[in-house]
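Please read the following report alongside the sequence and the model. It moves from single residues to the chain and back again.

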Amino acid sequence: MKKLNYFKMAAMAAAVSLTACNNDDDNNVTDNNNGSSVVAEANTEMPADYDFGVERTIQYNASSVAVNHSAVTVNGGTATITQAGTYRISGNSTDAHIVVDAGANDNVRIILDGVTLSNNYAPVLEAKNAYKVILRAEPGTQSTLADGTGNGGSATISSNTKLSIFGTGKLTVTGNDTDAIYSKGGVILKETDLVLNAKGDGVETDYNVDVLSGTITANTDGSVINATTVTRVNGGELSFMGKQNGIETGVYTQSGGRLLISGNGNGIVASSTGTSAAPVTVSDGYLYINVPQNGIESSGSIVTSGGTVIVAGNTASGKMAVKHAGAFDVSGGTLFVAGPTSGLSSTSTQNVITVNYPATMAANTLMSLQNTALENLMVVRPDYEYNSITVSSDQIKDGGIYRIFTGGQAGGTLENCMYTPLTGYTGGQLAATFTIQNKVTVVNAE
């Protein structure tokens, strides 16, 4: 993980134990000068996160800031929040610097109400101290936050604590210096139409990133998500374009949602150490990876038990469509991989077929898997050249006889290199006929 951000550039104060309860009530004030400092840790969604109370207002108007409560101090374009509570921010400014410097037990909730805020020399939002900071993109609004190239290696949103972003409004965060969002604590993303543009990473954290729902569109020079411990995709419509990686993480799990990864680098890189859990697990949802480097790279095992996983291939020399140091177990779902893998595990409980071709197939050459009734179980058109494919589906039965065809034409809707629905396939050349005798069948095509 690269270490470029604002809060990583200075030593943090020694952490102290937190009390069992966090301050949420507007009248329950914590003295933020009591010497206590927040302990950065993993972020977990709590019902109280969405318990917004009486609002205090912060109104930006070009170079001035108007507030209605003593819990907010103002110095030029800097508005510093010093207490737990709910703060509605509105207006426009090119000198905006919102600082959260509350107590270590304080939940600070911020409503972004259609703002356009930027700052060339500092983060637009800098959470120095609080138990958790919760941002709500106000429904029906569009907010934009952007830093400049003079931000000193910090992110546009820089948090020293847990950070949650929710609300059905649209939020665009642009990191012109480096990351769009950095949080020393874990990050939860829910509901929001979130757009991330960054010279560095889209979201970087020392802990977890949990995507629960919403829409995320990202274009970054670094990784879209860079999470030290774990990235969980449980829902949402996600489109990631990362020049370095789509997702760089310790452990990756997907139990829902729809994730499309493209770019110039790797798709998912999971490099967890010291854990018995599979670094990459997909139990449901849709995952499509179209990158020239390693599609999925795991320091340990890979487990797919449901959903759809498509790796469209790769072109870089020495790279693999799926690379793993441990097992690759398939127990459910639909799997298609164009290009080499590190091999499938005999412990897989769903039938898997790997077809090796004697010559490289040109990009966009169709592949059809058919049963003895000449039914097309899968028709794909890989985006890159390929010399092997791996497929798995619950339609591949023990003892069944199957055929692989290459080339030809297909009708229907081509979605991320797979025809679904398929209306017909003709003109292909028979490449192999085989019988399923083991859970992993390796076929050498003619």
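His-97 has its place in strand β6, which covers residues 97-101; strands here are DSSP runs of E with at least two residues, helices are runs of H or I with at least four residues, and both are numbered from the N terminus. This is a predicted model, in which local features need pLDDT of at least 70 and side-chain atom pairs count only at pLDDT 80 or more, while totals for chains, interfaces and linings use all residues. Residues are numbered from 1 along each chain as its sequence is written, and side-chain values use heavy atoms, with hydrogens and water left out.

Is His-97 buried or exposed? His-97 counts as buried because its relative accessibility is 14%, where buried means under 20% relative accessible area, exposed means over 50%, and partly exposed lies in between (1.4 Å probe, protein chains only). Its side chain makes a polar contact of 2.6 Å with the side chain of Glu-126; a polar contact is a pair of N or O atoms within 3.5 Å, and within protein one must be able to donate a hydrogen and the other to accept it, with residues adjacent in sequence counting only if both atoms are side-chain atoms. Apart from neighbours within four places in sequence, the residues in contact with His-97 (heavy atoms within 4.5 Å) include Tyr-60, Gly-77, Asn-119, Pro-123 and Glu-126.

## The chain as a whole

The protein chain has 38 strands and zero helices. Its C-alpha trace spans about 75 × 40 × 35 Å along the principal axes. The radius of gyration of the protein chain is 25 Å, which agrees with the value near 22 Å that a compact globule of 446 residues would have; this radius is taken over C-alpha atoms, and the globule rule is 2.2 Å times the number of residues to the power 0.38.

Of the 446 residues, 57% count as buried. Among the contacts in the protein chain with a separation of 6 or more, 57% are accounted for by residues 24 or more positions apart. The chain exposes about 16600 Å², of which carbon and sulfur atoms supply 47%, with accessible areas taken from the Shrake-Rupley method with a 1.4 Å probe, and with only the protein chains shown counting as cover for residues.

## Glu-297 and Gly-300

Glu-297 has its place in strand β26, and Gly-300 is found in the loop between β26 (296-298) and β27 (302-311). Glu-297 counts as partly exposed because its relative accessibility is 23%, whereas Gly-300, at 16% relative accessibility, counts as buried.

The side chain of Glu-297 makes a polar contact with the side chain of Asn-294 at 3.0 Å. Leaving aside neighbours within four places in sequence, Glu-297 is in contact with Asn-266, Ile-268, Val-269, Ala-270 and Lys-323, while Gly-300 is in contact with Pro-279, His-324, Ala-325, Gly-326 and Ala-327. Gly-300 and Ser-271 are 29 residues apart in sequence, and their C-alpha atoms are 7.6 Å apart in space.

## Backbone details

Most residues other than glycine have a negative phi, and most peptide bonds are trans. In this model, the peptide bond from Thr-420 to Pro-421 is cis, with omega near 0 degrees, and Pro-421 is found in strand β36, which covers residues 418-426.

Glu-191, although it is not a glycine, has a positive phi of about 75 degrees; Glu-191 lies in the loop between β16 (187-189) and β17 (193-198) and is partly exposed, with a relative accessible area of 33%. Asn-416, which is not a glycine either, has a positive phi of about 55 degrees and is found in the loop between β35 (409-415) and β36.

Asn-356 has its place in strand β30, residues 352-361, and is partly exposed, with a relative accessible area of 28%.

Ala-62 lies in the loop between β1 (55-61) and β2 (64-67) and counts as partly exposed at 48% relative accessibility. Ala-62 touches Asn-92, Ser-93 and Thr-94, when residues up to four places away in sequence are not counted. The C-alpha atoms of Ala-62 and Gly-77, which are 15 residues apart along the chain, are separated by 8.7 Å, and Gly-77 is also one of the residues in contact with His-97.
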